[in-house]
Structures are given as structure tokens and as C-alpha cells.
Amino acid sequence: DATIQLSVRVARLGSRYILLLADDRTEAVRLEQMRRDFVANISHELKTPIGAITVLAEALESAADDPDQVRHFSARLTSEAARLARLTQDIIDLSRLQAAEIVPHAERVSIDHVVASAVDENRVLAESRNIELATGRHSHAVVFGDESLLTTAVHNLISNAVRYSPDKSRVGIGTRLHDGVVEITVTDQGPGIPADDLERVFERFYRVDQARSRATGGTGLGLAIVKHAVQNHGGEVRAWSKPGSGSTFTIRLPEAEHITTPPLTPAAVA
Ligand code: ADP
């Protein structure tokens, strides 16, 4: 962006008047630009499933006399509609998280419970491809936060690990408590992520491999949702990878006992 916004002010310095020029691209302006980019990205992303649904509906109409074709096109229609629904839900979740509308309420949440739910949600997908979901020991860790949001974050990491891994491989999910920090680690034996892309995978709609993301039903928003959900809990998420031998994603959250000021509850905000 090569434009700058200048604000001009006149100030008095002793007996002299001076002109103050300031670059006025405040945080608000930057956020507004981010919002515009997000809307532009969304419009682009929505066009794909909407376009496919339109074409498939026309194909279905002209194939009305052929039952096999009708079955084929309606199955594809259902799958595109599901994709549109997933994308819409992810967009809503992410915009709420970015606007900090979802304030994690200070509820004590068991990390073992969060991990168990996220693993269960991915079991059918993993079993369909003979991928082992290997969980380690319980950490007995507790954090303050929103259980469903934390489950979504861990779910997204496990679902990525499964989606990008080869059949019959192993996804390891571990939790540990260390110096007041709860760590949840998801490791896979997938293709890995090149170093240049590793920094960018948390950006919304950034995909290393466009075709693979689409083929596995990705929306391109999974990791952006993880990042914001975790940050809203005062934590962070990091990724490591060795291309060819897999990736590791780690969520780090402050342990409940080590939070002196719990995150604000919606009631406290109001
Ligand atoms: P998507 O819906 O495309 O998976 P994400 O935000 O979840 O979107 O991930 C962004 C990109 O990061 C993916 O498109 C993929 O290229 C890469 N990625 C994420 N997780 C993994 C993983 N476990 N192994 C390899 N690549 C991954």
C-alpha cells in the first residue's frame, strides 16, 4: 500500500507556530483495511461453491430422464451445498473471534476432556482411512475458558493432521503441563509444510496446496480459527515441520491456577 494519510495540525511553540504532519494510519484504519480484504476474500471463496451449485442444478435438470446421472449430479450437489455450509459457518466463527465477540467465560475446563471430544469427533474420518489416533497420558490440566471454542481449536488441528496424512499413518495427540503452561501437541506423518509457507498457514484462506485443500473439503479458515480462538484465551499456537516427514502443531495455554486475572466474562463486560 503506497498511500499515506496525513493529518495536519498547527501547534504553538513559544512565540512560534509550527505545522505538525502525522501519518494517520491508525490501528482503526489498519483494521478497516483487514476487514475489507477479508470481505474481498470471502466473495471470491463463495463464488466457487455457488458457481458449482448453479452448474450442477442445470445439469440435473437436463439429465432428468437418466436415473444414474440424476443420482450422480444430486450427490455432487449435496457435497457442494455441504461445503458452502461449512464455509459459511467458518466465516461466521472467524469474524466473531476477530471482533472478540466470543469472550471466553471464566469456566474451568478440563483439557483432557477437550482433547477426548476433539479426538472422538475425528474418529470416523480417521478410521475410514486406517489412520491411528494415538493419545498419550492424561495431563489433568485445567484452563479458564470456553470449552466449545477450545474443542474447535483442537478439533481443527486433528482434522488437518488426518486430512493431510497418508492412509494407514499415525497421528499423535499429546498433552502436558509444564511451568504453568498447558501444551497440546498434534503430530502427523503427512507431507509436511515448506518453511516459507509455515509462517503463513495461520492466515485466512492461505493454502499450501490449493487442490489438496479443496479435495479434502478444506475451507482455508481452520488454522486462522485456531489462532484466534487460542489468542482469545491468552495462548498461542505454533507449527513445526520437516517437509516429507510430517508436521507438529502445538497449542499453549496458561493453566487456570496460574491465571491471576481470569478473562472477562460477558457479564463483567456488560
Ligand atoms: P484448509 O481448510 O485448507 O486445510 P487450514 O487453515 O486448516 O485450511 O490450513 C491452511 C493450509 O495449511 C492448508 O491448506 C494446508 O496446505 C496446510 N496444512 C495445515 N495443516 C497441515 C498438516 N497437518 N499437514 C500439511 N499441511 C497442512
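By class, the residues that line the largest pocket comprise 15 nonpolar, 17 polar and nine charged ones. The structure described here is a predicted model. In total, 41 residues line this pocket, and its volume is about 860 Å³. N156, N160, R163, Y164 and G218 are the lining residues that lie nearest the centre of the pocket.

Several elements of secondary structure contribute to the lining of the largest pocket. Two or more lining residues are given by each of α2 (67-98), α3 (111-128), α4, α6 (210-215), α7 and β9. Of these, α4 supplies the largest share of the lining, with nine residues.

The ligand sits in the largest pocket. Two or more residues of the shell around the ligand come from each of α4 (147-164), α7 (222-231) and β9 (246-254). Here too α4 provides the largest share, in this case four residues. The shell consists of 21 residues, and N160, Y164, D188, S213 and G220 are the closest of them to the ligand. Sorted by class, the shell holds nine nonpolar, eight polar and four charged residues.

In the side chain of Y164, an N or O atom is 2.6 Å from an oxygen atom of the ligand. For N160, a polar side-chain atom lies 2.8 Å from a ligand oxygen atom. R163 likewise places a polar side-chain atom 2.8 Å from an oxygen atom of the ligand. The ligand on its own has 530 Å² of accessible area, and the protein covers 98% of this area.

The two descriptions can be set side by side for individual residues. N160 and Y164 are among the lining residues nearest the centre of the pocket, and both also belong to the residues closest to the ligand. R163 is likewise one of the lining residues nearest the centre, and its side chain has a polar atom 2.8 Å from an oxygen atom of the ligand.

Definitions and conventions: Residues are numbered from 1 along each chain as its sequence is written. This is a predicted model: local features need pLDDT of at least 70, side-chain atom pairs count only at pLDDT 80 or more; totals for chains, interfaces and linings use all residues. Side-chain values use heavy atoms; hydrogens and water are left out. A residue is near a molecule or strand if one of its heavy atoms lies within 4 Å of it. A polar contact is a pair of N or O atoms within 3.5 Å; within protein, one must be able to donate a hydrogen and the other to accept it, and residues adjacent in sequence count only if both atoms are side-chain atoms. Accessible areas come from the Shrake-Rupley method with a 1.4 Å probe; for residues, only the protein chains shown count as cover. On a 1 Å grid over the protein atoms alone, a cavity is a set of points where a 1.4 Å probe fits but cannot get out, and a pocket is an open set with protein on both sides within 12 Å along at least five of seven lines; lining residues have an atom within 4 Å of a point. A molecule sits in a cavity or pocket if more than half of its atoms lie within 2 Å of its grid points. Ala, Val, Leu, Ile, Met, Phe, Trp, Tyr, Cys and Pro count as nonpolar, Asp, Glu, Lys and Arg as charged, and the others, Gly among them, as polar. Grid points are joined across faces, edges and corners, and a volume is the space filled by probe spheres set on the points.
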